[in-house]
Amino acid sequence: MADRIVAARVIVTSPGRNFVTLKIETADGLSGIGDATLNGRELAVAAYLQEHLVPLLIGRDPARIEDTWQYLYRGAYWRRGPVTMTAISAVDTALWDIKAKAAGMPLYQLLGGASREHMLCYTHADGTTIEHALDVVDRHVSAGYHAIRVQAGVPGLQRIYGVHAPGAVDMDALPAEGDWDTAKYLRFAPKLFEAARLRVGEDMHLLHDTHHRLLPNEAAQLGKSLEPFNLFWLEDVTPAENQEALRHVRRHTTTPLAIGEVFNTIWDCQALITEQLIDYIRTAVVHAGGITHLRRIADLAALYGIRTGCHGAADLSPVTMAAALHFGRAIPNFGIQEYSVHPNEASEVFRWDWRLEGGYLFSGESPGLGITIDEAAAARFPYRRAYLDVNRLTDGTLWNW
Ligand code: GCO
Ligand code: MG
């Protein structure tokens with residue numbers, strides 16, 4: 001007889017920062033987990049799961065992953081959106097975890113087996129000044145990284161763009177406000193990368209995140225001005241709600257473009273992919289419908305020579321990283337994985353078998369995702385409201401953060 005889902009629980013915990021996890025249990029005694037963390041809007045997803053999806057899961061056959069995905073997506077009538085898709089992702093990821101455990105295999109085996117043994121990753125070097133950022137770059141080079149995202153404070157502006165204020169997440173506070181001046185930034189960015197390239201030499205991969213702050217023509221100018229420094233990618237140059245805007249950027253620069261951490265379905269990147277307007281797609285397991293939907297996006301991207309570069313900031317839980325590494329290990333068009341160290345307390349709540357070694361990430365070999373959650377430890381770190389920052393132009397206009 002087919003197995004049945006007998007319980008599903010939403011676990012909200014804050015070991016250094018907020019994480020939402022869905023745990024599904026079956027009559028055969030298997031369990032699986034999925035990440036449901038949507039930074040700054042965590043409880044919306046927790047409620048969506050608890051109130052609307054958990055009742056639909058009880059009694060279902062956990063093996064029917066595709067049917068469950070379609071049931072939750074089409075069956076809601078209201079499709080897409082970050083809250084809905086993050087909730088669906090959590091269910092989907094937990095079901096893949098269960099299926100792989102039932103098969104006695106690490107997830108990457110179920111997805112077709114290894115296309116590679118290790119995965120290139122990049123980490124962040126954020127500095128208040130160019131010198132400060134380059135000191136952090138030096139530390140990452142010594143630690144063995146092969147790819148580094150570099151961000152530095154623009155002289156005359158208070159905040160480092162796209163990076164939280166020092167001290168990381170401002171728990172319990174209202175959103176911090178940054179200031180932004182595009183002209184200053186466009187003059188500054190080439191100076192930052194001239195210095196960075198000089199410091200690291202030719203082989204190190206350098207990346208940069210513009211955090212949705214530019215208009216299309218400004219993005220084109222930036223891409224052009226960074227060409228001499230041979231970036232691995234330039235990320236989120238525009239918000240890309242208007243995918244067609246990337247045609248202009250693409251026409252004017254050969255700097256590789258990466259977009260998509262805030263996207264939640266294939267429809268958000270359909271034109272970007274089919275018109276080959278980007279080089280890397282940034283959608284992540286947790287926000288883009290789980291393994292099932294991310295595979296659809298990656299397969300479409302593969303047709304056009306576009307590779308993955310999944311979002312992997314510290315606000316995506318270690319569960320997402322586990323899933324991303326099985327996924328990245330299996331697919332043919334893996335590009336790079338973002339990697340940001342989680343707060344120390346996270347390892348009291350989650351135990352995982354993936355690892356970083358010599359600047360590469362390795363997925364583990366235990367059955368399933370290779371990650372568990374300790375619910376008693378999770379309870380020791382209660383949720384605290386934490387907003388993402390907001391950003392204003394120097395005249396006070398609210399801008400993209
Ligand atoms: C990245 C992202 C992060 C985001 C954060 C939002 O490229 O890692 O842009 O810096 O701001 O993950 O939740
Ligand atoms: Mg980003």
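User: Which residues are closest to ligand 1, and how many surround it?
Analyst: There are 15 residues around ligand 1, and the closest are N39, H211, E261, D315 and E338. A residue counts as near when one of its heavy atoms lies within 4 Å of the molecule. Before we go on: this is a predicted model, where local features need pLDDT of at least 70, side-chain atom pairs count only at pLDDT 80 or more, and totals for chains, interfaces and linings use all residues. Residues are numbered from 1 along each chain as its sequence is written, chains are lettered from A and ligands numbered from 1 in the order in which they are written, and side-chain values use heavy atoms, with hydrogens and water left out.

User: OK. How do the shell residues around ligand 1 divide up?
Analyst: Seven are charged, five polar and three nonpolar. Here Ala, Val, Leu, Ile, Met, Phe, Trp, Tyr, Cys and Pro count as nonpolar, Asp, Glu, Lys and Arg as charged, and the others, Gly among them, as polar.

User: What is the distance from the side chain of E261 to an oxygen atom of ligand 1?
Analyst: An N or O atom in the E261 side chain is 2.7 Å from an oxygen atom of ligand 1. For H311, a polar side-chain atom sits 2.9 Å from a ligand 1 oxygen, and for R282 the distance is 3.0 Å. A polar contact is a pair of N or O atoms within 3.5 Å; within protein, one must be able to donate a hydrogen and the other to accept it, and residues adjacent in sequence count only if both atoms are side-chain atoms.

User: And how much of ligand 1 does the protein bury?
Analyst: Ligand 1 exposes 340 Å² when taken alone, and the protein buries 90% of that. Areas like this come from the Shrake-Rupley method with a 1.4 Å probe; for residues, only the protein chains shown count as cover.

User: Switching topic: what coordinates the magnesium ion?
Analyst: The magnesium ion (ligand 2) is held by D209 (OD), E235 (OE) and E261 (OE), at 2.0 to 2.2 Å. Donors are N, O and S atoms within 2.8 Å of the metal (3.2 Å for Na, K and Ca), and water is not among the atoms, so sites may look incomplete.

User: Where are D209 and E235 in the chain?
Analyst: D209 is in strand β7 (residues 205–209) and E235 in strand β8 (residues 233–235), so the pair ties together parts that are 26 residues apart in sequence. Helices (H or I, at least four residues) and strands (E, at least two) are DSSP runs, numbered from the N terminus.

User: Are they buried or exposed?
Analyst: Both D209 and E235 are buried. Buried means under 20% relative accessible area, exposed over 50%, and partly exposed in between (1.4 Å probe, protein chains only).

User: Back to E261. Which residue does E261 form a salt bridge with?
Analyst: E261 pairs with R282, with the closest N and O atoms 2.9 Å apart. E261 is in the loop between β9 (257–259) and α9 (270–274), and R282 in the loop between β10 (280–281) and α10 (290–303), 21 residues apart. E261 is buried at 11% relative accessible area, and R282 is buried at 0%. A salt bridge is a side-chain nitrogen of Lys or Arg within 4 Å of a carboxyl oxygen of Asp or Glu.

User: How many salt bridges by this rule?
Analyst: The count is 23. One of them joins R9 and E25, at 2.9 Å from N to O. R9 lies in strand β1 (residues 5–13) and E25 in strand β2 (residues 19–26), so the pair ties together parts 16 residues apart in sequence. R9 is partly exposed at 30%, and E25 is partly exposed at 23%.
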